[in-house]
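I opened my notebook with a plain request to myself, which was to look at how the parts of this structure meet and to write down what I could look up.

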There are 4 protein chains.
Amino acid sequence: MSKAIRVAVVGAGGRMGKEVVKLVLQDPELELVAAVGLHDSGTDAGTLVALPACGITVTPDLEMALVEHKPDVMVDFTTPQSAYTNTSLAVKHGVRPVIGTTGFTPEQIEELDKQCQTRAIGGLIAPNFSIGAILMMKFAAQAAKYLPHVEIIETHGDQKLDAPSGTSIKTAEMIAANREELRQGNPKEEEIIEGARGAYYNGFRIHSVRLPGVFAQQEVIFGGYGQSLKIRHDSYERAAYMPGVKMAVEKVMGYTGMIYGFDHFID
Amino acid sequence: MSKAIRVAVVGAGGRMGKEVVKLVLQDPELELVAAVGLHDSGTDAGTLVALPACGITVTPDLEMALVEHKPDVMVDFTTPQSAYTNTSLAVKHGVRPVIGTTGFTPEQIEELDKQCQTRAIGGLIAPNFSIGAILMMKFAAQAAKYLPHVEIIETHGDQKLDAPSGTSIKTAEMIAANREELRQGNPKEEEIIEGARGAYYNGFRIHSVRLPGVFAQQEVIFGGYGQSLKIRHDSYERAAYMPGVKMAVEKVMGYTGMIYGFDHFID
Amino acid sequence: MSKAIRVAVVGAGGRMGKEVVKLVLQDPELELVAAVGLHDSGTDAGTLVALPACGITVTPDLEMALVEHKPDVMVDFTTPQSAYTNTSLAVKHGVRPVIGTTGFTPEQIEELDKQCQTRAIGGLIAPNFSIGAILMMKFAAQAAKYLPHVEIIETHGDQKLDAPSGTSIKTAEMIAANREELRQGNPKEEEIIEGARGAYYNGFRIHSVRLPGVFAQQEVIFGGYGQSLKIRHDSYERAAYMPGVKMAVEKVMGYTGMIYGFDHFID
Amino acid sequence: MSKAIRVAVVGAGGRMGKEVVKLVLQDPELELVAAVGLHDSGTDAGTLVALPACGITVTPDLEMALVEHKPDVMVDFTTPQSAYTNTSLAVKHGVRPVIGTTGFTPEQIEELDKQCQTRAIGGLIAPNFSIGAILMMKFAAQAAKYLPHVEIIETHGDQKLDAPSGTSIKTAEMIAANREELRQGNPKEEEIIEGARGAYYNGFRIHSVRLPGVFAQQEVIFGGYGQSLKIRHDSYERAAYMPGVKMAVEKVMGYTGMIYGFDHFID
């Protein structure tokens, strides 16, 4: 068996960070070498995630952790505010960044790509690590070429603030880019109760359902003559992103430059 | 075997009327004795529905048909304009009316009930003959007592004019009558694209999907702590109403008075 | 506000027991007064479930806990082996039992009912506390009267040992008790690959899907002329049973005698 | 507008043939120039499909129809027995064949390809013309690379003889060809009722549901860590194949040689 990949987790005390710590501790092909977090300094990373103590203590100082423990990969689920600095720091120390934060500008990504090229290492910035969700979006975009009539229904927990969801808007953009121009529905259609037909996007509709008990679900429905095609993805918990994180950690070991978007790993 | 029930079909040339003619011709427990229609006068009723000729010719004169052929039951899928007159005429001649038309006033129904009582015959007026749809509504109303968080998604063909559908509004009324007062969702929720959260009804939402290839579908989704319950009804074609029509034809033979709503036949 | 109901949790260290401890600690209408468990003796019950310490320590001795802390209700998710003894003990001390364990004989239930009557307290034994699942079963049984053609698809995690699931068999029994005798399908039907048509039960079929990521799902599908009706329940996690447990804890305060089956609380 | 494509329909009186006649008569980009059928000789093709008479009479003689009316394309939904002869005849007369019949041997297809090459015309033999079904199969095969845990549920009318369906077996083959070797489920799994776990194929399961009212549905479910991905196709009626037939008629005008399988038109 090949040697385990050495991983530093940044934002270890956050909701996604904790899942990543769990993943790394439980996967024999990965080794936790550092856990960075502002609020849980001094806590054992294992204890933090309700696993046995692992001997790695959460530290607030990222640079020291990178220098001291020489990770192969840094996984960062922090905030848009700190993500650029963290990423740049990792690359500077030759550590491959896997970043699950949004908010990078195109210029920042280009700059980070140059830095990765200079250091001859790989990196990934991805707003979504869910393999299933990415497949759903790819398939939806592909189907729209042949079955242009489509609507999206996305369902999330009832405390979610924004509607429609980011994933549904991203899906809608991909569909719009692939299908012929089309304004669906009866031009004389009338809403007896306002909003019934959902959010209008580029000729079609997005519907946002909000119910307790649901984590994240999305269904893209294509309607054709005498048929319908549905592509549906259900995430039941945050852990659903972990297989994607692991795949990313492995992939960044094998190329040079900064990639934006997990979908580049999926053909 | 008991004798077949003698049926007159009114509106025989309409879309629903044709289905009823087919039903009656193909069911050995029913016998077509008259077919009434304004536009297909003189056509054999079998030919009209792409079945072998049956010897019953479409006639425009309802009263003459009732007097001459003495049906047990008259099934009428015509228009709100003619339905009251037709119903009253049937009762006058001792023929039990089964009416699939909306638009009766409460006073008209009361008056027709009196006429039925006088003639000691049964009658039914029902806006919906779909057994599955009625079960869906009953179950949704019942579930709302225990799982008050709910949304409705209804899907119809893309040329439908009104949204939300009549069935979804009726379902929403039944839910609202059964559940505790509740305004669902995050009070600070924001629609990034207007309409995303659907039509607001009594604290919950109705979403109307319109796609080609679909006849009529509705899903009522209840969300609870860690669980969801879905009740879904799909109609694939107009014929889906026929088992309900047959059940009605049999039922009206057995009671006295005018009943409004097919759900009275379902406990 | 009325006083909180005093609850003792037995089997506090088990998977369901932990959920009950969490429920009781987090619900202001309930008060944890004792936590009984064989393996976690001495641990604070809050710590046990990753909540702040609550001052109630897990103890191995049920009787002492009942005598000392005088709970109103005992919630027991243990094993068929210990459940009868625990229940009997609770009733003896005037504590209302809410039991989530199977394996009671009819004689035992009758005996426990007598004991409850004598002490003038209520009790509940229920193999299933999921309100959604119970509604699904009730609706399925009701629909089978009108739409006798039915199949069941149940989906569970891929490590489940038995197929079909207990819930699906219970549902099938309830359907069979309600519908007319009917052997579905084409009598000349042939399985090209053995098992394709699923498990045969009383004229219809049950299909068991096993996939990772799924907790517990079941769909009952009725097929009629031109229509289908689907009743589907998804549980996403063990916590889905807790609203049912809470309802039971409240209900047992209000009647006398031992009730078997949560469905008695649902009309 | 470009000139309409001249189409001959063979098997015009069959169930699929009638749909093709309807399609060609109703689509302004297609022109019906001949209708060939053994049983409806002499009937007007329009009348045959309940449309206004169109002046094209059904004839039993294919060769004469080809010679006399010089169609651009021949659409043939007949039987495996006659399909090879018909196809060969069409090519001989420079008419592009679009064939919806199974049962060709690889040698026959190769021979027909040569004939097409010689005449410099295109042709298509396809067992399935449903664009949605083909997309479903392609997506399922693609997803299996990333989410290898999968089961298939297919639903057809209750009078279907064989289970699992041809489409589900084809889907299963495509999945098996794409995913890593994997025997799913718990090795100690036990069927309490025989058949519950469905048909075993290459490590995974296929379930066949049979219910009245359903035409053809299939759902492929992938289960991953904390997530599931579902790809579902519903056909509501035979007409669902017609957009695929039209696409084929247009496509064969633009290439040379015989193509096997509609999926070659979908990238």
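**Entry 1: the model.** I noted at the start that this is a predicted model, and I kept that in mind for each entry.

**Entry 2: two domains in chain A.** I looked up how chain A is divided, and found domain 1 (5-125 + 239-265) and domain 2 (131-236). The contact between them takes seven residues from domain 1 of chain A and five residues from domain 2 of chain A. I then looked up their centres, taken over C-alpha atoms, and these are 32 Å apart. The two domains bury about 460 Å² between them, with carbon and sulfur atoms giving 76% of that area. On the side of domain 1 of chain A, the residues that lose the most area to domain 2 are Tyr241(A), Phe262(A) and Asp263(A), which together make up 65% of what that side buries. By class, the touching side of domain 1 of chain A has five nonpolar residues, one polar and one charged.

**Entry 3: chain A with chain B.** Which numbers of residues does the contact take from chain A and from chain B? I found 45 residues from chain A and 44 residues from chain B. The area buried between these chains is about 3400 Å², and 60% of it lies on carbon and sulfur atoms. Leu161(A), Ile193(A) and Leu211(A) supply 15% of the area that chain A buries here, more than any other three residues. Among the elements that give two or more residues to the side of chain A are strand 7 (150-156) and strand 12 (216-224), while strand 11 of chain A gives the largest share, five residues. I also looked at strand pairing, and strand 8 of chain A runs parallel to strand 9 (residues 190-191) of chain B over two bridges, with Glu191(B) as the bridge partner of Ala163(A).

**Entry 4: chain A with chain D.** Here 33 residues of chain D are in contact with 33 residues of chain A, and the buried area is about 2800 Å², of which carbon and sulfur atoms give 57%. I looked for salt bridges and found two; one of them joins the side chains of Asp267(A) and Lys145(D), at 3.2 Å from N to O. There are 20 residue pairs in polar contact, both at pLDDT 80 or more. Strand 13 of chain D gives nine residues, the largest share of its side. Strand 13 (residues 227-235) of chain A pairs with strand 13 of chain D in the antiparallel sense, over nine bridges, and Asp234(A) has Ser228(D) as its bridge partner.

**Entry 5: a sheet in chain D.** Last, I traced an open sheet of seven strands with parallel pairing, in the order 3-2-1-4-5-6-14. Strand 3 (58-59) and strand 14 (257-260) of chain D are at the edges with a single partner strand each, so one side of each has no neighbour in the sheet. Within this chain, strand 1 (residues 5-10) pairs with strand 2 (residues 30-36) over six bridges, and Ile5(D) stands opposite Leu30(D).

Terms used:
Residues are numbered from 1 along each chain as its sequence is written. Chains are lettered from A and ligands numbered from 1 in the order in which they are written. This is a predicted model: local features need pLDDT of at least 70, side-chain atom pairs count only at pLDDT 80 or more; totals for chains, interfaces and linings use all residues. Side-chain values use heavy atoms; hydrogens and water are left out. Domain bounds come from an automatic or database domain assignment. Contact means heavy atoms within 4.5 Å. Buried area is the accessible area (1.4 Å probe) that two parts lose on being put together, summed over both. Ala, Val, Leu, Ile, Met, Phe, Trp, Tyr, Cys and Pro count as nonpolar, Asp, Glu, Lys and Arg as charged, and the others, Gly among them, as polar. A salt bridge is a side-chain nitrogen of Lys or Arg within 4 Å of a carboxyl oxygen of Asp or Glu. A polar contact is a pair of N or O atoms within 3.5 Å; within protein, one must be able to donate a hydrogen and the other to accept it, and residues adjacent in sequence count only if both atoms are side-chain atoms. Helices (H or I, at least four residues) and strands (E, at least two) are DSSP runs, numbered from the N terminus. Two strands pair if DSSP finds at least two bridges between them.
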